[in-house]
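Subject: Structure handover, with notes

Dear colleague,

I am passing on the structure below, followed by notes on what was found in it. Please read the notes alongside the coordinates.

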Amino acid sequence: MSRKIAFFDIDGTLTSEADGSVPEDAAAAIARARANGHLMFINTGRCFQNVEPRFRKIGWDGYVCGCGTNIYCDGKDVLYVSQTHDTIMRILQAARSADVDILFESRSQVAFDMTRPLRHPRALRQYRLFVEQGYMMPEELENPNFFSDKFVIWYREESQLTAFRQTSDLWFDCIDRGGTFREFVPRGYSKASGIRFVLDHYGLPLEDACALGDSNNDLPMLSYVPHSIAMGNSAPDSLFTQVEYVTAKASQGGVRQALAHYHFI
């Protein structure tokens with residue numbers, strides 16, 4: 001059996017869309033695929049510090065984190081791209097000027113700009129979730145030692161996004177995550193560039209790669225691989241017409257079904 005490789009988004013793909021848990025049959029199918037000699041990778045917009053232990057304990061051959069900015073293969077850190085403090089300060093000032101809520105992310109920490117109260121309900125909800133989970137979030141962002149790999153914003157009016165992007169577009173690509181939530185990734189990096197790096201690392205051809213996702217921010221990797229898989233719970237529905245295969249919902253055996261369909265198990 002030739003060795004193949006699969007890349008998994010986390011939220012809504014690896015986890016159930018119903019309750020956020022990792023379905024037992026998904027974890028078992030991934031373990032079985034690895035036992036069969038295939039490579040299993042997480043490919044996520046989350047930076048490594050936000051890939052929770054419950055996900056890591058499933059067992060993986062590696063991780064593509066931060067939309068391709070930080071990659072681990074066989075327990076080794078093989079790629080890391082971070083931004084300079086000066087660039088992040090330009091972004092911080094743009095966020096303040098546009099009056100948007102911003103969350104900076106790196107492989108070691110997350111940080112909100114707390115110089116004024118968070119305005120967006122979802123930003124506030126995310127901040128409280130991090131507090132509940134015990135995250136240590138620096139608040140003195142002007143400290144010369146502060147840096148970031150990527151960031152997300154929440155805004156309330158389109159004019160705020162337009163104003164902010166006058167600065168962010170100099171260095172970052174903007175990913176529409178739906179509603180008034182946007183993700184920003186260094187130009188040239190994506191879930192697709194992460195797959196390309198991993199394939200080169202192992203010397204694997206593109207035709208042996210599969211990717212599983214459920215949302216618009218998965219489109220770069222789903223469009224890149226020849227064997228693209230959308231979960232049955234994907235949103236928007238237009239994702240279904242842009243992939244090779246639609247599997248069941250994450251909560252209904254979607255991961256196991258997809259791995260069986262492509263003969264990983």
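Predicted model: local features only at pLDDT ≥ 70, side-chain atom pairs only at ≥ 80, totals over all residues.

Residues are numbered from 1 along each chain as its sequence is written, and side-chain values use heavy atoms, with hydrogens and water left out.

Asn70 lies in strand S4, residues 70-73 (strands, E, of at least two residues and helices, H or I, of at least four are DSSP runs, numbered from the N terminus). Asn70 is buried, with a relative accessible area of 2% (buried means under 20%, with a 1.4 Å probe and protein chains only). Its side chain makes a polar contact of 3.0 Å with the side chain of Tyr72, and the Asn70 side chain also reaches the backbone oxygen of Leu79 at 2.9 Å. A polar contact here is a pair of N or O atoms within 3.5 Å; within protein, one must be able to donate a hydrogen and the other to accept it, and residues adjacent in sequence count only if both atoms are side-chain atoms.

Turning to the helices, the axes of H2 (residues 24-35) and H9 (residues 254-261) come within 7 Å and cross at roughly 30°, which makes H2 roughly parallel to H9 (angles under 35 degrees count as such). Axes are lines fitted to C-alpha atoms, for helices over the stretch in contact, and angles run from 0 to 180 degrees between N-to-C directions. In this contact, Asp25, Ala26, Ala29, Ile30 and Ala33 of H2 meet Val255, Arg256 and Leu259 of H9.

There is also an open sheet of five strands, in the order S7-S6-S8-S10-S9 and with antiparallel pairing (two strands pair if DSSP finds at least two bridges between them). S7 (110-112) and S9 (172-176) stand at the edges with a single partner strand each, so one side of each has no neighbour in the sheet. Three bridges join S6 (residues 101-105) to S7, and Glu105 stands opposite Val110 in S7. Helix H5 (residues 121-132) lies across S6, S7 and S8 (150-154), running at about 135° to S7, whereas helix H6 (residues 158-168) lies across S6, S8, S9 and S10 (181-186), at about 5° to S10.

Best regards

Notes: Buried < 20%, exposed > 50% of the residue type's maximum accessible area, 1.4 Å probe, protein only. Parallel < 35°, antiparallel > 145°, perpendicular 65-115°, else oblique. Contact = heavy atoms within 4.5 Å.
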